[in-house]
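Please find below a short note for a colleague who is meeting this structure for the first time.

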Amino acid sequence: MYICQLKHRLPLLPTLSPPPPMAISTSISTSSCRQPHKVKLTFSYKCNLLPIFSLHCSSSRFLFTNNSYSSPIVAEESTHDHHLPVIELDLEIPDLTPKSENLNDFLCGLFRDPRSEELAFDYYQKVKGRPEFRPDKKTLEHIIRYLIRSKKWGSSFSVFEDFKSFDVPPDGDICCRLISSCIRARKFKITEGLLEVFGQNDDVSLLVFNSAMGGYNKLHMFSSTIAVYDRMKSAVAVPNSESYCRIMEAYIKIKDYEKVVTLFQEFESRKIDSSPFLARIYRILCESLGKMGRAFEALEFFRDMTKKGMMEEDASAYACLICSFASIREVKVAEELFREAEGKKILRDPEVFLKLVLMYVEEGLMERSLEIVKAMENAKIRVSDCVFCAIVNGFSKKRGLRAAAKVYEELMSRGCEPGQVTYASIINIYCRMEFYSKAEMVFSEMERKGFNKCVVAYSSMVVMYGKTGRLREAMRLVAKMKERGCDPNVWIYNSLMDMHGRVKNLRQVEKIWKEMKRKKVAPDRVSYTSVINAYSRAGEYETCLRFYEEFRMNGGVIDRAVAGIMVGIFSRSGRVDELVKLLQDMKTEGTGLDERLYRSAMNALRDAGLQVQVRWLQESFYTTMRKA
């Protein structure tokens, strides 16, 4: 006698949570039979829901799945009991598919759980062709959210076709979210296709165009923003305040300030309700006018907006106006705006303080630049390296090197921290003042703080070593510089060639010149002067002449340094024709002679017996030489 017990678990459908897998388990116990038996189950059911069944018989396990809505074939996993007797049972499973009117709730329930989202989308794809099924707006929105999360951008077109075919109006927020997500994911072709689809829908077209322009602006793709705006206008979508704000942002970023003003005039003439974006639009306008040098017009618009209760606490607007007036050196207006903003405690932009410092430097009001430092300290804003450097260089330019060194030390005592640019500036100042020990001390401090790739600082130090005849230290520093991945510039190469030229080490001069060419560092006038002077000291006049001709062929203009070297070379080597040609070129280019060069050229011409050229030299250069 066989006792067969059939136990089955079926989900209750429809459900708002993902259904558990449908399973049937069968256990067989025998009371009188000593041998195990093999059971074969044949199911006949009408289930359209991807059923998954699990069947257990004694120690054997049966598993089958169905993905094609046909009757499953039950396969036994164990293959070691094929000699056992077979018991066949026919079971009929009822149809578990929810009714069509409940499918939307069923799908929404699946979409709410991330674990069953993919199952829900697959099931939607299969049932949407049923004539009795019509997805509602909520279901389609769940699908769009799923596509965004799973980044299945290509399927979005078919879903929006479903919106159209089922006559379900799409939600504007969902469409905007899809557009912005595609742009963030750099799916620009899909974005263009979606804009083509949405552009035909009057209810959402304006929203998605605005969303696309905002997305492109965030990626700094301003030309794409302009293209979307043009497409929006061609689609007969009337721009609103957000549209004008987005397109004005794009044009100001590409520095087309005239276009910004034109768009504002168009916006103002249409009298659009624009409260959410009005302040931003006026801020863009003020910045554009300031960049165009029309700062007073920008101030007029700003005052008008503050009277209306807007932009009173707008830090960006204040910063824009202060920078505009500082750029045109309107000290009084810039200071008035600065005091207003300082009183409201809304200034946090370091660029504003830098612009004011630069204005004071240009106007020679150096003490007021130190007041800006005090204002930054009161606002608890760190004095930036740019502000620090601007003050030090300003004092150097307007008050001299000693004043610059003094103000640097004063700011250091007040707790200001220099950065790479300030360090490079003060090193250069100390080197020019011949305070070499201080320059080395500051350079060591700069290296300790990690600023070890500043070419300007290296240049100043190499030049200093050259002036003091410390050739080994200079070469050692250049080697350290290269190890740190910092390539020498033309100033460093010039200093090295000059140092080696002074000791007539022509081999090193030639090596440095070739390295400079190999590194594609273009030689300047000082480079040619240094290398010609080096070979001149060694008496290699032919090489000097070769470099001079190269210098002239590359467009080099003769100055007094080059002229002094070449007059001496031509005089000592007896090249009178070349000397006359040099003097003629100098007269043509307006280069004067000092007394030493004049006497040297005069003696060379007299020794050659060229009296005509002597008179020409006297007529051409004597007057200018006396003035010099």
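1. Among contacts in the protein (heavy atoms within 4.5 Å) between residues at least 6 apart in sequence, 63% join residues at least 24 apart. This is a predicted model, in which local features need pLDDT of at least 70 and side-chain atom pairs count only at pLDDT 80 or more, while totals for chains, interfaces and linings use all residues. Residues are numbered from 1 along each chain as its sequence is written, and side-chain values use heavy atoms, with hydrogens and water left out.

2. The secondary structure comes to 30 helices and seven strands, where helices (H or I, at least four residues) and strands (E, at least two) are DSSP runs numbered from the N terminus. Of the 628 residues of the protein, 47% count as buried; buried means under 20% relative accessible area, exposed over 50% and partly exposed in between, with a 1.4 Å probe and protein chains only.

3. The largest pocket has a volume of about 570 Å³. A pocket here is an open set of points on a 1 Å grid over the protein atoms alone, where a 1.4 Å probe fits, with protein on both sides within 12 Å along at least five of seven lines, and its lining residues have an atom within 4 Å of a point; the volume is the space filled by probe spheres set on the points, which are joined across faces, edges and corners. Of the 22 residues that line this pocket, the closest to its centre are Ile252, Glu287, Lys291, Cys320 and Glu351. Helices H9 (241-253), H11 (278-291), H13 (315-327) and H15 (350-363) are the elements that give two or more residues to the lining.

4. Since 12 of its 13 residues are buried, H9 is largely enclosed by the rest of the structure, and the buried residues include Tyr244, Arg246, Glu249 and Ile252. What covers them includes helix H7 (205-218), helix H8 (222-234), helix H10 (257-270) and H11.

5. The two ends of H9 can also be described. At its start, a side-chain oxygen of Asn240 reaches to within 3.2 Å of the backbone nitrogen of Glu242, whereas just after H9, Lys255 takes a positive phi of about 65°.

6. Elsewhere, Lys164 is found in helix H4 (residues 156-165) and is exposed, with a relative accessible area of 60%. Lys164 and Asn201 are 37 residues apart in sequence and 9.7 Å apart in space, C-alpha to C-alpha.

How values were computed: Polar contact = N/O pair within 3.5 Å; in protein donor to acceptor, adjacent residues only side chain to side chain.
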